[in-house]
Amino acid sequence: MTALVILAVSLVAGVIGAMTGQGGGILLVPFLTLIMHVDVKTAVAASIVSVIATSSGSASAYVRDRISNVKIGMYLEMFTILGALVGAAITLKSGGRFIYLVFGLVLLASFVALWLKPEMGEAGNMRQDRLSAFLELEGEYYDQVANRVVPYKGTRAGLGGVLMFGAGLIAGMLGIGAGALKVLIHDLVMELPPKVSTTTSNFIIGVTALAGASAYLAAGLIKPNIAVPVILGVTVGSRAGTRFLVRLSNSATRKFFMVVLSVLGVEMVLRGVGLL
Amino acid sequence: MSSPASRASEGARHPFDMETVISYILISGVILSLTLLVVGTLLYSLQHHNLTLAYSLPQDNLFQFGRMEITRVLRGTLTARDIINLGIIVLMLTPYVRVAFSAVAFAFIERNAKYTAFTLFVLSVLTYSLFLSF
């Protein structure tokens, strides 16, 4: 029976994750630990394997349609995979309470980020520093709504790379895609158009998750009884969630998600400091 | 080659353009993996009369784990467990194969030395991490 409950819980995490564009992992680990009482490191390990499935599935379409920028993705993956390995090492070496605490803080930070909702530029950026030009961080994509090709250039490759190491670290440590964080770096630092930044982030997430997952596999933390229903549930859930996306109003999902984030964030922090 | 859509996909002139192949690698890896996981889980629950997969993976790195499973496939001693394990192995190999193909594509199709080097770096780090053992 437990397997079916884990499947259902993962399905819900996948649906909400896809509808809000935050990915399934950020809800999955709190659900598994707080509701199902799964050991936190086992939950993180199961989650990071499921992240490979969800991100590879959706990245496939974005790469085919040439919205993801493969070059920018490859460049940034050099940083995220190193971060993911360091992050996984931190989780493997630290006590459970520390992981709860960091996870809770990341949930609360996501709440704040959604609340402030930074204004994103729409038009393609055309300014570029020398490093980014050397790295050929540029491209164009076809905007279906505007029916035109949008050329763009990425900038601040150096700072972007360093920050992506941090995003990879969070991803590897907590077993999440950390897509929201990656998108923020793409948008605000590298000035990529929103479409390119979300889809390129998706492309990077799979490889980053693999680096982390390999460490968890070697540590014997990938448990089939948890990981398999999680992979199946989250994948099916996020496919379904992408469909719902068009039907529900944006602000309603956002408000709902903010409530969920804050409740889970507070619970995880309380666990972390030993008050729960 | 003048419509906007085709301009956005200039690389498509080559029959093995990188984006198309990467896209196929990703989607077929995920579909194969999920199929193996579903079939394996159903077989397992029929044989054990229980949906809970009560077994552990060997505490190995992915390459040792994969070699062990392939040996079992070749010997024909495939159980429900092995099908599930193969599903996990295929899933983890999907991004790895994508990066390996990108290295080849940057080297021989795009002929971009800089990005061949970057991709080989990513491939080496991933190979290292898949050989980790504790």
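Trainee: What makes up the contact between chain A and chain B in this structure?

Mentor: In this predicted model, the contact takes 47 residues from chain A and 50 residues from chain B. On the side of chain B that touches chain A, helix 1 (4-8), helix 2 (18-48), helix 4 (80-109) and helix 5 (113-130) each supply at least two residues, and helix 2 of chain B gives the most, with 14 residues. Sorted by class, that side of chain B holds 33 nonpolar, 15 polar and two charged residues.

Trainee: Why is helix 2 of chain B called roughly antiparallel to helix 4 of chain B?

Mentor: The two helices pack at an angle of about 175°, and their axes are 7 Å apart. Angles over 145 degrees count as roughly antiparallel, and therefore helix 2 of chain B is described as roughly antiparallel to helix 4 of chain B. The residues of their contact divide into 22 nonpolar, eight polar and two charged.

Trainee: How do you know that strand 1 of chain A and strand 2 of chain A pair?

Mentor: Pairing needs at least two bridges between the strands, and six bridges join strand 1 (residues 138-143) of chain A to strand 2 (residues 148-153) of chain A, so the two strands pair, and they run antiparallel. Within strand 2 of chain A, A:Lys153 is the bridge partner of A:Glu138, while A:Val150 stands opposite A:Tyr141. The two strands form a hairpin with four residues between them, and A:Asn147 in the turn has a positive phi of about 50°.

Trainee: Why is strand 1 of chain A said to be largely enclosed?

Mentor: A residue counts as buried if 20 or more other C-beta atoms lie within 10 Å of its own. Five of the six residues of strand 1 of chain A are buried, so this strand is largely enclosed by the rest of the structure.

Trainee: Which residues have the most contacts inside the largest nonpolar core?

Mentor: That core has 126 residues, and those with the most contacts inside it are A:Val49 and A:Leu174. Helix 4 of chain B gives the most to this core, with 14 residues. Leaving aside its neighbours within four places in sequence, A:Leu174 is in contact with A:Val29, A:Val44, A:Val102, A:Phe103 and A:Val106.

Definitions and conventions
Residues numbered from 1 in each chain as written. Chains lettered and ligands numbered in written order. Predicted model: local features only at pLDDT ≥ 70, side-chain atom pairs only at ≥ 80, totals over all residues. Contact = placed C-beta atoms within 7 Å. Nonpolar A, V, L, I, M, F, W, Y, C, P; charged D, E, K, R; others polar. Axes fitted to C-alpha atoms, helices over the stretch in contact; angles between N-to-C directions. Parallel < 35°, antiparallel > 145°, perpendicular 65-115°, else oblique. Buried ≥ 20, exposed ≤ 12 C-beta atoms within 10 Å, placed from the backbone. Core = buried A, V, L, I, M, F, W, Y, C linked by C-beta atoms within 7 Å.
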